[in-house]
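Dear colleague,

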Amino acid sequence: MLGRAEQATYLATRRFARRQDSWFRKDDRVRWVRHDDPFRLEVALGAVRFEKGDLDGATTLLAGVLKAEPGNPEANYWMARVNHKKAEYSLALESIRAAVDRAPTRALYQYELGLILRDSGKAPEAVEAWKQAVKLDPAYADAWEQVNDILQRRVAALSAAMRAAGVASGDCVAALLPNE
C-alpha cells in the first residue's frame with residue numbers, strides 16, 4: 001500500500017508539476033515537490049514514510065539524501081524527527097542543529113530543536129529554542145504552548161518545594177519586599 005502511494009506521489013509530481021491549473025494540484029493527498037531539486041522527492045517520500053510509522057524506511061531514504069548532500073536542511077529536519085521518535089536524542093540533536101545552522105530563519109526547525117532538547121532533559125535550552133521560534137514567527141502557537149507548559153511545571157515544582165520546606169507563599173512575598 002505504501003509503495004503504491006509513493007509511486008502515485010512520484011507520478012503525480014512528474015506529470016503535473018508544470019500544470020498550475022490542474023485539479024490534481026488541489027488534492028490534499030498529493031505531496032508536491034519542486035522539480036528543480038533532485039533530492040526533494042526523496043525527502044518527501046522519507047517524510048511520508050515517517051508519517052506512516054515506517055521509521056526504518058524513512059531512515060534509509062533520508063540517509064541516502066544526507067550522504068549525497070549533508071547540509072540539506074529539510075532532510076536533516078526529518079532525520080531529527082525520526083531519531084527523536086526512536087529516542088536517539090544525540091543523533092536527533094545533531095541532525096536538527098545541522099538543519100537550524102543551514103536555515104536559521106525556519107521557526108519549525110527551532111520548535112523541533114526545543115522538543116528534542118526538552119525530551120533529552122535540557123529544559124532551559126528548550127525554552128530558548130522555543131523563544132527563538134516565537135521571535136521568527138510570533139504567531140507560532142505551538143511554541144508559545146510549549147513555553148507556557150514549561151513555566152507551569154516550574155511554578156508547580158517551586159510550590160511543591162515551598163510546601164515541603166514548610167514555607168508559606170506569603171512569607172516568600174514578604175521576604176522579597178523591602179523593609180520600611
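**Salt bridges and the exposure of their residues**

R118 counts as partly exposed, at 21% relative accessibility; here buried means under 20% relative accessible area, exposed over 50%, and partly exposed in between (1.4 Å probe, protein chains only). Please note that this is a predicted model, in which local features need pLDDT of at least 70 and side-chain atom pairs count only at pLDDT 80 or more, while totals for chains, interfaces and linings use all residues. Residues are numbered from 1 along each chain as its sequence is written, and side-chain values use heavy atoms, with hydrogens and water left out.

The side chain of R118 meets that of D119 in a salt bridge, at 2.9 Å from N to O; the term denotes a side-chain nitrogen of Lys or Arg within 4 Å of a carboxyl oxygen of Asp or Glu. D119 is also partly exposed, at 32%.

A search of the whole structure finds 5 salt bridges. Among them is the pair E125 and R97, whose closest N and O atoms are 3.6 Å apart. This pair links distant parts of the chain, 28 residues apart: E125 lies in helix 7 (residues 123–136) and R97 in helix 5 (residues 89–102). Helices (H or I, at least four residues) are DSSP runs, numbered from the N terminus. E125 has a relative accessible area of 40%, and R97 has 36%.

K131 and E128 also form a salt bridge, at 3.6 Å from N to O. Both lie in helix 7, 3 residues apart, about one turn of the helix. K131 is partly exposed at 40%, as is E128 at 47%.

Yours sincerely

Definitions and conventions:
Helices (H or I, at least four residues) and strands (E, at least two) are DSSP runs, numbered from the N terminus.
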